[in-house]
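Please look over the structure shown here, and read the report beside it with the sequence at hand.

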Amino acid sequence: MKLGAFSLSLSVKDIARSKAFYETLGFAKFHGDEDQKWLILKNGETLIGLFEGMFPKNMLTFNPGWDQEARNLEDFDDVRDIQKSLLAAGVTLDSRAEGEAGPASIMLTDPDGNPVLIDQHR
């Protein structure tokens, strides 16, 4: 199963304060809009998403179709194919992908209660 780029999505209380903290750890803005209360920060191959008021808790995020530089991958597993594989394996999904192609996402929860978002942007 090819899940694509990985990042940790953090639910933060103050995006400016969180951004400043992670910048001291060597992260730099990679994508996003601080005015819209979301940023993606990068340090080497490590990605962290900061989201103020968007998600109830921290979660693991995978982006099928992208590499760690947010470049399109030619060979990737569509989120709907990932969904079919997970359902066939007996995994319960918290939300399912709709449609036949294009952007879509699924959400599931790991055995310890951690949310996992598989979010395809293309």
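The report takes up the strands, then a helix, then the aromatic side chains.

This is a predicted model, in which local features need pLDDT of at least 70 and side-chain atom pairs count only at pLDDT 80 or more, while totals for chains, interfaces and linings use all residues. Residues are numbered from 1 along each chain as its sequence is written, and side-chain values use heavy atoms, with hydrogens and water left out.

**Strands**

Helices (H or I, at least four residues) and strands (E, at least two) are DSSP runs, numbered from the N terminus, and two strands pair if DSSP finds at least two bridges between them. Strand β1 (residues 5-12) is joined by 5 bridges to strand β5 (residues 59-63), the two running antiparallel, and within this pairing Leu8 stands opposite Leu60 of β5. β1 is also joined by 5 bridges to strand β4 (residues 46-52), here in the parallel sense, and Val12 has Glu52 of β4 as its bridge partner.

β5 in turn pairs with β8 in the parallel sense over 3 bridges, where Phe62 has Ile118 of β8 as its bridge partner. β8 is also joined to β7 by 6 bridges, and these strands run antiparallel; Met107 is the bridge partner of Leu117 in β8. The hairpin of β7 and β8 has 5 residues between the strands, and Gly113 there takes a positive phi near 90 degrees. Buried means under 20% relative accessible area, exposed over 50%, and partly exposed in between, with a 1.4 Å probe and protein chains only. Because 5 of the 6 residues of β8 are buried, this strand is largely enclosed by the rest of the structure.

**Helix α2**

Which residues of helix α2 (residues 79-88) are buried? They are Val79, Arg80, Ile82, Gln83 and Leu86. Seen down the axis of α2, these buried residues fall within an arc of 155 degrees (taken from the directions from the helix axis to the C-beta atoms), so they line one face of the helix. Lys84 and Ala88, on the other side of α2, are exposed. The buried residues of α2 pack against β6 (93-95), β7 (104-109) and β8 (115-120), where contact means heavy atoms within 4.5 Å.

At the N-terminal end, α2 is capped by Asp78, which has a side-chain oxygen 2.8 Å from the backbone nitrogen of Arg80. A polar contact is a pair of N or O atoms within 3.5 Å; within protein, one must be able to donate a hydrogen and the other to accept it, and residues adjacent in sequence count only if both atoms are side-chain atoms. Gly90, with a positive phi near 85 degrees, follows α2.

**Aromatic side chains**

A search of the whole structure finds 4 aromatic pairs, and the table gives two of them. Rings of Phe, Tyr and Trp (its six-membered ring) pair if their centres lie within 6.5 Å, and planes under 30 degrees apart count as stacked, over 60 as edge-to-face and the rest as tilted.

| Pair | Centre to centre | Angle between planes | Class |
|---|---|---|---|
| Phe21 and Tyr22 | 4.9 Å | 90 degrees | edge-to-face |
| Phe51 and Phe55 | 5.1 Å | 70 degrees | edge-to-face |

Phe21 counts as partly exposed at 47% relative accessibility, whereas Tyr22 counts as buried at 19%; together with Phe27 they form one aromatic cluster. Phe51 counts as buried at 10% relative accessibility, and Phe55 as partly exposed at 27%.
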